[in-house]
Amino acid sequence: MNVSPERQPLPLREVSGPSALGGGRRRFFDLLWLMSVTEFRRTYFGTVFGYLWSLVRPLMLFGVLLFVFTQVFRIGAKLDNYPVLLLLGIVLYTFFQEATSNAVTSVVSQEGVVRKTQFPRLVIPISVVVTAAFNLLLNLVVVFVFILAWGVEPKLTWLLFPVAIFFLFLLTTAVSMLLSVLYVRFRDVAIIWVVIAQMLFYATPILYPLGRFGLEDETIEQWLMVNPLAVIFEQVRVWILEPDAPTAAEAAGGAIHLLPAAVIFVALCVLGVWTFRREAPRIAEEL
Amino acid sequence: MSAHNAIAHQPPADALPPPPAPGDPLAIQVEGLSKTFRIPTHRVDSLKERVVRPFAKPDYRELHALRGISFEIRQGEFFGIVGRNGSGKSTLLKLLASIYRADAGTIRIAGRLAPFIELGVGFNQDLTARENVLLNGVMMGLTPKEVRHRLDAIIEFAELEEFADLKLKNYSSGMLVRLAFSVMMEADADVLLIDEVLAVGDASFQQKCADAFHEMKARGKTIVLVTHEMETVEDYCHRAMLISDGSIQRLGDPGEIGREYLRLNFERESTATIHEGESESEEIRLVDARIEGADGSRLSQVEHGETIRIALELEVKRDLPGVDVGFLLANADGVGIFNFGIPVGEAEGRRDLAAGQRLTVRAELQNSLVAGRYFIHCGINRAFEGGIALYLQNAIDFLVFGGPQTRGVVYPGIEIEANVEEGGR
């Protein structure tokens with residue numbers, strides 16, 4: 001035996017190749033945290049006005065929409081809290097849109113790393129979502145300052161807000177996983193997603209509040225509640241701004257009618273995880 | 001390994017642990033490893049296409065990159081993997097590195113493996129050296145704490161202390177390479193997988209790399225090195241493996257593997273034939289020019305020390321009073337090394353060559369050429385009238401392999417001895 005006494009022979013361990021989560025939980029979270037933080041720092045603190053720029057986009061959109069929907073169409077003019085509702089909705093939707101559209105190309109744009117190093121593949125799309133989530137947290141600070149300045153009283157239901165954020169994060173992550181891995185095979189996913197994300201913006205009650213002074217069409221409201229995003233956004237409205245507004249269940253016409261949204265939500269999560277796990281070992285070859 | 005090689009390329013012998021012997025614990029065990037790539041002849045890369053033609057059966061061409069290979073590498077071994085492009089060696093590397101998944105077979109690895117398929121993979125140009133080292137280290141499986149602990153040592157080895165907080169986009173390529181290499185050296189994995197990273201940087205950094213490799217070898221690290229450089233394999237490796245066409249062609253002594261690799265390599269590269277169009281004049285036509293084996297088979301390469309058998313076949317197209325056939329042997333740089341020739345048809349008085357006659361010239365010479373590519377030019381001169389009947393530029397093109405790696409073009413059998421007189425002060 002040539003091995004010196006202090007060097008213990010290491011046991012052989014079977015390696016099974018690349019995977020979504022391979023390399024241990026510890027390493028996954030270390031890497032996820034590090035990648036998200038560095039990316040966040042790079043994007044928002046790289047330039048002098050880094051963070052401000054990221055805030056400008058939703059604020060501009062907010063300004064334009066506020067003008068259009070209070071001065072031109074006058075939907076919002078009927079509702080006292082319309083501006084804060086609009087701002088909150090836009091900031092939340094910006095998170096969903098930013099995360100998912102960045103996630104689409106994330107795996108492919110990290111091609112060099114994927115093809116030449118071994119690490120849990122799932123880190124890539126999720127770190128995109130986490131980076132967007134950091135941005136969301138900062139934006140929410142601004143939004144809540146605005147909400148308080150507007151004169152909305154803090155309520156006990158504000159404590160439920162993290163629950164809504166949690167479900168939004170989950171949904172965003174699932175969609176991001178699905179898109180990032182589909183894009184490896186099908187390059188038109190990017191274009192298709194731009195259109196779908198646009199459609200989802202209008203299929204979510206952001207511009208038009210539901211209920212009295214709002215949409216005032218129960219059939220459409222019921223149909224809207226098939227969209228899990230709509231359910232989350234409407235609950236946020238009730239919890240944060242207007243306890244009198246119809247809850248998601250009321251808008252859907254009974255709690256039972258939330259079932260389709262729940263099924264879609266769970267299905268997206270399962271599909272995202274399943275597809276990513278299935279494709280992860282082969283990503284390096286497909287690129 | 002030939003005696004000469006042993007002298008020329010002996011690594012510093014001090015402090016080297018003895019090479020691992022059979023019975024030592026294994027670092028890598030590979031059994032029946034197979035990998036087949038399915039290459040679509042028509043790639044469906046849009047959802048639209050998939051939706052429009054949902055039942056179109058995609059056509060695949062199968063590429064067997066690895067065909068069930070098995071081998072073992074012992075702990076503390078410096079193991080070389082060589083092979084031509086497309087031999088499957090990169091696939092093997094990526095399977096070992098967990099970048100691809102195997103179709104069949106198992107890979108077992110003892111401890112942590114760090115792959116270095118390319119220096120500086122995953123470096124982000126917009127981040128500082130410090131941030132990149134942290135990210136890279138964690139990617140290779142260290143904890144952030146461990147990396148922070150080594151951060152200064154890594155920056156120091158790369159000689160980049162002053163630039164640690166500079167973004168990488170402002171780095172020179174040399175600085176990048178140094179940083180990447182030093183991350184690799186500090187990765188402290190149990191098994192290192194290295195793909196041709198030695199051929200980077202300037203001479204002084206190369207020396208530093210070489211020293212680092214010797215040090216890793218001395219520390220008893222298991223290192224798997226994939227390279228084209230036979231000298232590197234012979235210098236560092238305890239054992240080497242030659243892969244060809246997805247199978248193990250040979251496994252064993254690095255010197256033998258090196259020679260086998262060169263033979264395999266040159267077999268296909270050398271064409272050993274003549275330029276079109278220049279092979280015929282009004283008087284003479286070239287039928288064939290070749291290097292032959294002892295059995296008369298066509299060769300494109302000759303090992304150093306063997307016999308070079310040249311065969312030239314010509315056809316006379318017009319009656320000629322006789323010709324002189326001359327050969328000039330030149331190396332790849334176009335430098336003529338020596339020439340030789342023979343008169344044909346004029347020896348026994350004036351025996352003319354008649355139209356339609358064929359003539360063959362054979363020459364045998366001892367191959368004292370050093371490894372490389374060589375050309376033989378042929379000139380066929382009219383015996384009495386003078387002038388050139390046919391000139392064949394690069395009539396034969398062949399390769400020499402094996403032999404000593406020395407300066408110069410030829411290495412004849414040399415016996416050299418030195419005596420020191422007894423006595424004196």
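I start with chain A, where helix α3 (residues 82–109) packs against helix α6 (residues 161–185) at an angle of about 25°, with the axes 7 Å apart. Axes here are lines fitted to C-alpha atoms, for helices over the stretch in contact, and angles run from 0 to 180 degrees between N-to-C directions. Helices (H or I, at least four residues) and strands (E, at least two) are DSSP runs, numbered from the N terminus.

This is a predicted model, in which local features need pLDDT of at least 70 and side-chain atom pairs count only at pLDDT 80 or more, while totals for chains, interfaces and linings use all residues. Residues are numbered from 1 along each chain as its sequence is written, and chains are lettered from A and ligands numbered from 1 in the order in which they are written.

Back to the helix pair. Angles under 35 degrees count as roughly parallel, over 145 as roughly antiparallel, 65 to 115 as roughly perpendicular and the rest as oblique. α3(A) and α6(A) are therefore roughly parallel to each other. Residues of α3(A), including A:Phe95, A:Phe96 and A:Ala99, meet residues of α6(A), among them A:Leu168, A:Val175 and A:Leu179. Contact means that the C-beta atoms, placed from the backbone, lie within 7 Å. By class, this helix contact has 14 nonpolar, 6 polar and no charged residues. Ala, Val, Leu, Ile, Met, Phe, Trp, Tyr, Cys and Pro count as nonpolar, Asp, Glu, Lys and Arg as charged, and the others, Gly among them, as polar.

Next, the interface. It takes 40 residues from chain A and 46 residues from chain B. On the chain B side, β1 (26–40), α2 (47–52), β4 (104–110) and α4 (129–139) are the elements that give two or more residues. That side has 24 nonpolar, 12 polar and 10 charged residues.

Which strands pair across the two chains? Strand β1 (residues 12–15) of chain A and β4(B) do, in the antiparallel sense over 4 bridges. Two strands pair if DSSP finds at least two bridges between them. Within this pairing, A:Glu14 stands opposite B:Arg108.

Now the sheets of chain B. One is an open sheet of 6 strands with mixed pairing, in the order β5-β6-β7-β3-β8-β9. β5 (113–116) and β9 (247–252) are at its edges with a single partner strand each, so one side of each is left without a neighbour in the sheet. From one strand to the next, the twist averages 15°. Inside this sheet, β3 (residues 78–83) and β7 (residues 222–226) of chain B pair in the parallel sense over 4 bridges, and B:Ile81 has B:Val226 as its bridge partner.

The other is an open sheet of 5 strands, also mixed, in the order β12-β18-β17-β14-β15. Neighbouring strands are turned by 25° against each other on average, direction ignored. β12(B) runs parallel to β18 (residues 388–401) of chain B, joined by 3 bridges; B:Val302 is partnered by B:Val400.

Last, confidence. pLDDT is the predictor's confidence in each residue, from 0 to 100. Chain A averages 85, with 92% of the residues at 70 or above; the mean for chain B is 79, and 86% of its residues reach 70 or more. The pLDDT stays under 50 over residues 1–6 of chain A and over residues 1–15 of chain B. Residues 269–277 of chain B are also below 50. Where pLDDT is low, the predicted coordinates should not be read in detail. The model scores ipTM 0.74 and pTM 0.71.

Note on methods. Two residues are in contact if their C-beta atoms, placed from the backbone, lie within 7 Å.
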